[in-house]
Amino acid sequence: MGKGIRWVGTILAILLVGGIVLVPKILREGRVQATQKACLAAQRVLAGAVEIYLLDHASATVTPDLLASGGQMLVEAKALPAPIDFEVSGLREIPYPKDRLPRCEIRIVGEWNTSTGFPLECTLHGSPDRPATFEQLRDRLHLNFWGEYSPP
Ligand SMILES: [Zn+2]
């Protein structure tokens with residue numbers, strides 16, 4: 001009887017310590033994945049804005065300038081309601097140097113296609129069709145197994 005209670009206590013203690021150790025890691029990983037979802041959503045919005053821009057500017061050519069400064073040219077042409085913030089600000093909530101927050105670099109990576117429009121891609125997060133894996137994100141952000149910033 002007494003032995004059984006001791007075992008239960010030991011197992012509960014192990015689970016508690018494991019939980020205390022793992023919860024921050026799980027929260028940080030969730031934060032990293034949320035920033036990726038936000039980036040991929042922003043890419044869809046930008047792709048739509050580029051198409052609207054081209055409908056209104058038939059003779060325009062697609063240049064990287066269109067996406068510069070969060071899509072400022074698209075905002076001025078009223079194809080995008082507001083510039084998109086390319087700073088990966090969701091990482092503020094994990095132990096990441098605030099002066100080194102990465103920025104999304106979203107580029108047009110191919111020709112216009114009737115089904116997908118202009119293919120866009122972020123050098124950090126990948127594209128909606130080919131998102132970066134979690135391991136790739138961790139490498140690119142220099143996060144260790146625990147989700148802490150650990151530059152090479
Ligand atoms: Zn991105």
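Of the 152 residues in this protein chain, 22% count as buried. Before I go on, keep in mind that this is a predicted model.

Let me start with the fold. The chain has 3 helices and 2 strands. Going along the sequence, the order is α-α-β-β-α. The radius of gyration is 22 Å, whereas the globule rule gives 15 Å for 152 residues, so the chain is more spread out than a compact globule.

On to contacts. If we take the contacts in the chain with a separation of 6 or more, residues 24 or more positions apart account for 47% of them.

Ser-69 sits in the loop between α1, which is residues 2-56, and α2. Is Ser-69 buried or exposed? Ser-69 has 12 C-beta neighbours inside 10 Å, and the cut-off for exposed is 12 or fewer, so Ser-69 counts as exposed. Its backbone deserves a look on your screens: phi of Ser-69 is near 50°, a positive value in a residue other than glycine.

Next, Lys-78. This residue is in the loop between α2 and β1. Lys-78 also has a positive phi without being glycine, with a value near 60°. Lys-78 has 11 C-beta neighbours inside 10 Å and therefore counts as exposed.

Then Ala-79, which is placed in the loop between α2, residues 72-76, and β1, residues 106-108. Buried or exposed, for Ala-79? Around Ala-79 there are 21 other C-beta atoms within 10 Å, and a residue needs 20 or more to be called buried, so Ala-79 is buried.

Which residues does Ala-79 touch, if we leave out those up to four places away in sequence? They are Ala-49, Ile-52, Tyr-53 and Leu-74. For a distance to check on the model, take Leu-54: Ala-79 and Leu-54 are 25 residues apart in sequence, and their C-alpha atoms are 9.3 Å apart in space.

In the loop between α2 and β1, Lys-78 counts as exposed, while Ala-79 is buried. Ser-69, in the loop between α1 and α2, counts as exposed. That is all from me.

Methods. Residues are numbered from 1 along each chain as its sequence is written. This is a predicted model: local features need pLDDT of at least 70, side-chain atom pairs count only at pLDDT 80 or more; totals for chains, interfaces and linings use all residues. Helices (H or I, at least four residues) and strands (E, at least two) are DSSP runs, numbered from the N terminus. The radius of gyration is taken over C-alpha atoms; the globule rule is 2.2 Å times the number of residues to the power 0.38. Two residues are in contact if their C-beta atoms, placed from the backbone, lie within 7 Å.
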